[in-house]
Amino acid sequence: MADGTGRQRRAYIGSFTSAGGRGILTAAVDDDSGALTVLGGTDAVPNPSYLALAPAGDVLYAVSERPEGALAAFEVTGDAPRLTGPPVPVGGTPTHLGLYDGHVLTADYGTGGVTAVPLRADGGLAPTASGTLRHTGSGPDPEHQQAPHAHQVVADPSGRWAVSVDLGTDSVRVCTLDATGRPVPHRETPLRPGTGPRHLAFSPDGRHVHVLNELTPTLTTCRWDATGGVLEPVAETDVLPGAPKDRAYPSGIAVSPDGRFVWTATRGEDVLSVLERQGERLRLRATVPCGGAWPRALTAHNGFLYVANERSGDVTWFTTDPRTGLPTARGSVAAPAASCVVFG
């Protein structure tokens, strides 16, 4: 199906070039079947593991996940993304990015912080970052929590706050930007020690936040006050039935448009979990195979769920039952070392 410009709707798949990925792939989207058809791609930056689109859909931003990493911007009017300028160093092995208040923010896993890069009027990147907010702290897991590890940063639905998830400190931080574009702290909310929060997703009404934990297979539901920028944990729910057979690493999270269901992906177990909202709490309803191996990211789009399976090198897609939330596999496309999928 075409978008408002008459061009067929597009998806963009990030990957790890260090593991055989092809960089960023552009795919056509069939809105009726959910099918993706790869059109082209670029390996102009190494390990473009996470992507975000400008609101107008004409510029794509990518982190380059490696030590002393970078942020890149691509023009995406054709079948192969094209760099708009040199990548901007952000340091810290960036794993995620989000648009906020005229900037792109990166979550820097290696150094444990959030870096801001200003946007030009044309959507390109300023040549240097405007500042970095360094996180502090650690957690009880000596292997994964010896230091801060910022894993995700997003704007809240109101656009007033930037919210970052830190796996190393078991906490979620809320920040803003000062007059110079430097991220400044507003509030830090601790979660249960040792959970290792990885990614979060807001409810459609903007009143709750679901935080997926990587070091324990659980999801923490929090109230969200957008007026004060306050996060309040309410409940923690298992995303797997019973103890995992092997070490399980939850990764991706998505919420249904009506907020009734939350879906999560777990590496190691290689499953998708269906959780149903009951008041302010969630209940695990079922798990189903993810259709591949090592599901790194999960995206809900236009009634379908898309899973980027890193180790099997594909993206799978599912329909979901509106009554039960249960996913049903519908297809897949090859995407070596896939790490995420975003839609224009």
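**A serine and its surroundings**

Author: The side chains of Ser 171 and Arg 173 make a polar contact of 3.1 Å. A polar contact is a pair of N or O atoms within 3.5 Å; within protein, one must be able to donate a hydrogen and the other to accept it, and residues adjacent in sequence count only if both atoms are side-chain atoms. This is a predicted model, in which local features need pLDDT of at least 70 and side-chain atom pairs count only at pLDDT 80 or more, while totals for chains, interfaces and linings use all residues. Residues are numbered from 1 along each chain as its sequence is written, and side-chain values use heavy atoms, with hydrogens and water left out.

Reader: Is Ser 171 buried or exposed?

Author: Ser 171 counts as buried because its relative accessibility is 1%. Buried means under 20% relative accessible area, exposed over 50%, and partly exposed in between, with a 1.4 Å probe and protein chains only. Ser 171 lies in strand S15, residues 171-177. Strands (E, at least two residues) and helices (H or I, at least four) are DSSP runs, numbered from the N terminus.

Reader: What is Ser 171 in contact with, sequence neighbours aside?

Author: Leaving aside neighbours within four places in sequence, Ser 171 is in contact with Ser 164, Val 165, Asp 166, Glu 188, Thr 189, Pro 190, Leu 191 and Pro 197. Contact means heavy atoms within 4.5 Å.

Reader: And where is Ser 164?

Author: Ser 164 is in strand S14, residues 162-166. Ser 164 is buried because its relative accessible area is 2%. Beyond four places in sequence, its contacts include His 135, Gln 152 and Arg 173, as well as Ser 171.

Reader: Changing topic: how much space lies in the largest pocket?

Author: About 950 Å³. On a 1 Å grid over the protein atoms alone, a pocket is an open set of points with protein on both sides within 12 Å along at least five of seven lines, whereas a cavity is a set of points where a 1.4 Å probe fits but cannot get out; lining residues have an atom within 4 Å of a point. Grid points are joined across faces, edges and corners, and a volume is the space filled by probe spheres set on the points.

Reader: Which residues lie nearest the centre of that pocket?

Author: Of its 31 lining residues, Tyr 50, Gln 152, Val 154, Leu 200 and Ala 201 lie nearest the centre. Elements giving two or more residues to the lining include strand S9 (94-100), strand S17 (197-202) and strand S25 (295-301). S25 gives the most, with six residues.

Reader: What classes of residue make up the lining of the largest pocket?

Author: There are 22 nonpolar, seven polar and two charged residues. Ala, Val, Leu, Ile, Met, Phe, Trp, Tyr, Cys and Pro count as nonpolar, Asp, Glu, Lys and Arg as charged, and the others, Gly among them, as polar.

Reader: How many cavities of 30 Å³ or more are there?

Author: There is one cavity of that size. The largest cavity has a volume of about 70 Å³. Its lining includes Tyr 50, His 151, His 199 and Arg 296, and consists of two nonpolar, five polar and three charged residues.

Reader: Lastly, which residues touch the most other members of the largest nonpolar core?

Author: Leu 36, Leu 60, Tyr 61 and Val 315 do, in a core of 43 residues. A nonpolar core is a set of buried Ala, Val, Leu, Ile, Met, Phe, Trp, Tyr and Cys residues joined through side-chain atoms within 4.5 Å. Apart from this core lies another, of 14 residues, among them Val 165, Leu 200, Val 209 and Cys 222.
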